[in-house]
Amino acid sequence: MTTPEIRRRDFLALLGVSAAPRRKAVILRSGWQLVNIGDVAHGPGMLGVLTRNLPDVEIIYWPAHMDEGVEKMTRSGFPGLRIVRTQGEVAQAFRDASLFIHGSAPSVTSPAQVREWKDKTGKPYGFFGITVSLSGEAASPSLSPETRELLSGANFVYTRDTFSLANLKKAGIQGPEMGFTPDGTFGFHLLDEAAGLRFLEENGLQPKRFIAIVPRLRYTPYHKTRKVTWSEEEIKRREAVNEKHAEADHAKLRVVAEAWIRKTGGKVLFCPEMTYQLEIIDPLLFDPLPAAVKKNVVRRKTFWRPDEAASVYKRAAAVISCECHSPIIAATQHTPCMYLHQPEDGVKGQMWRDLGLNEWYFPIEETRGEAVAERVLAIHADYPAAERKIRAALERAHKRHAETMAHVRRILESS
């Protein structure tokens, strides 16, 4: 079939005029799920990385999941973005694009889509900011033969932590360009100032006079919200682990909350990264607190998108989280942040050390709540120093993104 573009080029040729070459195009696969603001932020974060480093390249976004609200948020930051969903749209994107990028994720989360691109086009592809697990963990399956083949056939594989990079090498993956590049969420820059400021005003949260605390169970209870392939025995095992550690883990967060309130007179916001966490804020964080400090606690009662969270975190004095991506979103707004890393959450916590944030990274089983509280109060005591620290870490992330994107550009130029 003759397309309008072909007809246009033929007409220009008759006139002796050369048509301007079409911009290079890249397909980005991201947007993993909607129940986690970190997974929602992956897509816009990766779009930020790509548009910052490849401003002359067309980015075609192929989200795994996107609802109306997330699409509106994404388009607010990237007007004119081409988003593909239908089979026909994807097929046209395959024809137009020169490169396929699987965005940052806990693993190769879209193997079927990478395989489709590989088999149908034979064009280059790569992975940008993924976790690679050899034996498997909660969010990252073990390295299957299919995944190993896709990784080996890629033009580049950049992992979001140096532990994963070491795993690639241990697995004997050869062929692709390999290296460390931080999670794409470090490229997130969207804000919802109207919603964020309204929430702060309604709850009496004054800028830099409150901290935000994010809870987490050892295993996300996906079996309560969607169909899973786990056996009944596996569900019982995960629930038993959650039950065993829930009180001890969250007692440490309560120590931080109480210390902040008593030492600074400020407030504490308990808020979620995932939808299920709205249900655990009261029993694990708020209810056990002494009555004297509860009046200084605000509990988020509804879920939110990462742009509103970013507007709130922008004005927090610090974000302390058992989840990984809320502190990353805070970091993008130059807010000091701490990650209390549960072992079931995989190896991605190494990225905090990779970016020079060792003092704000706490393996939760090796950490006392008092130690975290001391670090939070140290931030309060010298806030300019803490801001310099987080800005330096963000600059390292952006610098490494730029270095790895330079290789991506070379692939595009040679394709």
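Buried residues are those under 20% relative accessible area, exposed ones are over 50%, and partly exposed ones fall in between (1.4 Å probe, protein chains only). By that criterion, the buried residues of H5 are Gln 113, Val 114, Arg 115 and Trp 117. The model is predicted, so to speak of local features requires pLDDT of at least 70 and side-chain atom pairs count only at pLDDT 80 or more, while totals for chains, interfaces and linings use all residues. Residues are numbered from 1 along each chain as its sequence is written, and side-chain values use heavy atoms, with hydrogens and water left out.

**Helices H5 and H6**

- Helices (H or I, at least four residues) and strands (E, at least two) are DSSP runs, numbered from the N terminus, and contact in what follows means heavy atoms within 4.5 Å.
- The cover over the buried residues of H5 includes strand S1 (25-30), strand S2 (58-63), helix H4 (87-96), S4, S5 and H6.
- After H5 comes Gly 122, whose phi is positive, near 70°.
- In helix H6 (residues 145-152) the buried residues are Thr 147, Leu 150 and Leu 151, and they lie on the same side of H6 because they cover an arc of only 100° around the axis, the arc being that of the directions from the helix axis to the C-beta atoms.
- Among the elements that cover these buried residues of H6 are helix H5 (111-121), strand S5 (125-130), strand S6 (156-159) and helix H7 (162-170).

**Helix pairs**

- Two packed helices are described by the angle between their axes and the distance between the axes; the axes are lines fitted to C-alpha atoms, for helices over the stretch in contact, and the angles run from 0 to 180 degrees between N-to-C directions.
- Helix H2 (residues 37-53) packs with helix H3 (residues 68-77) at an angle of about 20°, and their axes are 11 Å apart, which makes H2 roughly parallel to H3 (angles under 35 degrees count as roughly parallel, over 145 as roughly antiparallel, 65 to 115 as roughly perpendicular and the rest as oblique).
- The crossing of H2 past H3 is right-handed, a crossing being right-handed if the near helix is turned clockwise from the far one by less than a right angle, and left-handed if anticlockwise.
- On the H2 side the contact is made by Val 40, Pro 44 and Leu 47, and on the H3 side by Val 70, Met 73 and Thr 74.
- These contact residues of H2 with H3 divide into 5 nonpolar, 1 polar and no charged, where Ala, Val, Leu, Ile, Met, Phe, Trp, Tyr, Cys and Pro count as nonpolar, Asp, Glu, Lys and Arg as charged, and the others, Gly among them, as polar.
- For helix H12 (residues 306-313) and helix H13 (residues 325-332), the axes come within 9 Å and cross at roughly 60°, and H12 likewise passes H13 in a right-handed crossing.
- Pro 306, Ala 310 and Tyr 313 of H12 make this contact with Ser 326, Ile 329 and Ala 330 of H13, and the residues involved divide into 5 nonpolar, 1 polar and no charged.

**Buried single residues**

- Gly 103, in the loop between strand S4 (99-102) and H5, is buried, with a relative accessible area of 0%.
- Leaving aside neighbours within four places in sequence, Gly 103 is in contact with Leu 28, Arg 29, Trp 32, Met 46, Phe 128 and Ile 130, and its C-alpha atom is separated by 10 Å from that of Val 49, 54 residues apart along the chain.
- Thr 404, which has its place in helix H16 (residues 383-414), is buried at a relative accessible area of 1%.
- With neighbours within four places in sequence again left aside, Thr 404 is in contact with Phe 128, Tyr 158, Phe 180 and Thr 181.

**Partly exposed loop residues**

- Lys 208 lies in the loop between helix H8 (193-202) and strand S8 (210-214), is partly exposed at a relative accessible area of 29%, and has a positive phi of about 65° although it is not a glycine.
- Arg 209, also placed in the loop between H8 and S8, counts as partly exposed at 34% relative accessibility.
- The C-alpha atoms of Arg 209 and Lys 267 are separated by 6.5 Å, although these residues are 58 residues apart along the chain.
- Leaving aside neighbours within four places in sequence, Arg 209 is in contact with Trp 260, Thr 264, Gly 265, Gly 266 and Lys 267.
- His 334, in the loop between H13 and strand S12 (337-341), is partly exposed with a relative accessible area of 24%, and its phi is near 65°, a positive value in a residue other than glycine.
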